[in-house]
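Thanks for coming. I will take the structure on the screen in two parts, and then stop.

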Amino acid sequence: MIRATMLAICAGAMLAPPAAAADCYSIGQQVAAQNGGTLAKASEANKGGQAVCVIVVLVPGKDGERPRRTEIVVPKG
């Protein structure tokens with residue numbers, strides 16, 4: 001019983017994204033909602049010595065066209 005509990009805790013810790021990625025993910029969800037699209041990717045990067053979130057949003061195309069891929073860089077924090 002204890003072993004199964006420990007395995008579940010370890011598995012959960014391995015599957016959880018790092019805190020920085022989680023922050024960028026939540027920022028990405030907000031950006032996607034503001035742009036009327038779907039969050040495709042959210043990652044942290046360092047640009048010019050500043051921590052930023054690189055957000056990729058898929059915005060629906062017009063008249064049945066393919067979605068447009070939009071990359072947005074947002075300062076983290």
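**The disulfide and the sheet**

This structure holds one disulfide, meaning a pair of cysteine sulfur atoms within 2.5 Å. Before the details: the model is predicted, so local features need pLDDT of at least 70, side-chain atom pairs count only at pLDDT 80 or more, and totals for chains, interfaces and linings use all residues. Residues are numbered from 1 along each chain as its sequence is written, and side-chain values use heavy atoms, with hydrogens and water left out.

Which residues does the disulfide join? Cysteine 24 and cysteine 53, with 2.1 Å from S to S. Cysteine 24 lies in helix α2 (residues 19-34) and cysteine 53 in strand β2 (residues 50-59), so the bond links distant parts of the chain, 29 residues apart; helices (H or I, at least four residues) and strands (E, at least two) are DSSP runs, numbered from the N terminus. The torsion about the S-S bond is about -75 degrees, so the disulfide is left-handed. Cysteine 24 and cysteine 53 are both buried, that is, under 20% relative accessible area with a 1.4 Å probe, protein chains only.

Now the sheet. It is open, with three strands in the order β1-β2-β3 and antiparallel pairing; two strands pair if DSSP finds at least two bridges between them. β1 and β3 (68-75) are at the edges with a single partner strand each, so one side of each has no neighbour in the sheet.

Strand β1 (residues 38-47) pairs with β2 over nine bridges. Along that pairing, threonine 38 is opposite leucine 58, and alanine 45 is opposite valine 52. The two strands form a hairpin with two residues between them, and glycine 48 in the turn has a positive phi of about 65 degrees.

Definitions and conventions. Buried means under 20% relative accessible area, exposed over 50%, partly exposed in between (1.4 Å probe, protein chains only).
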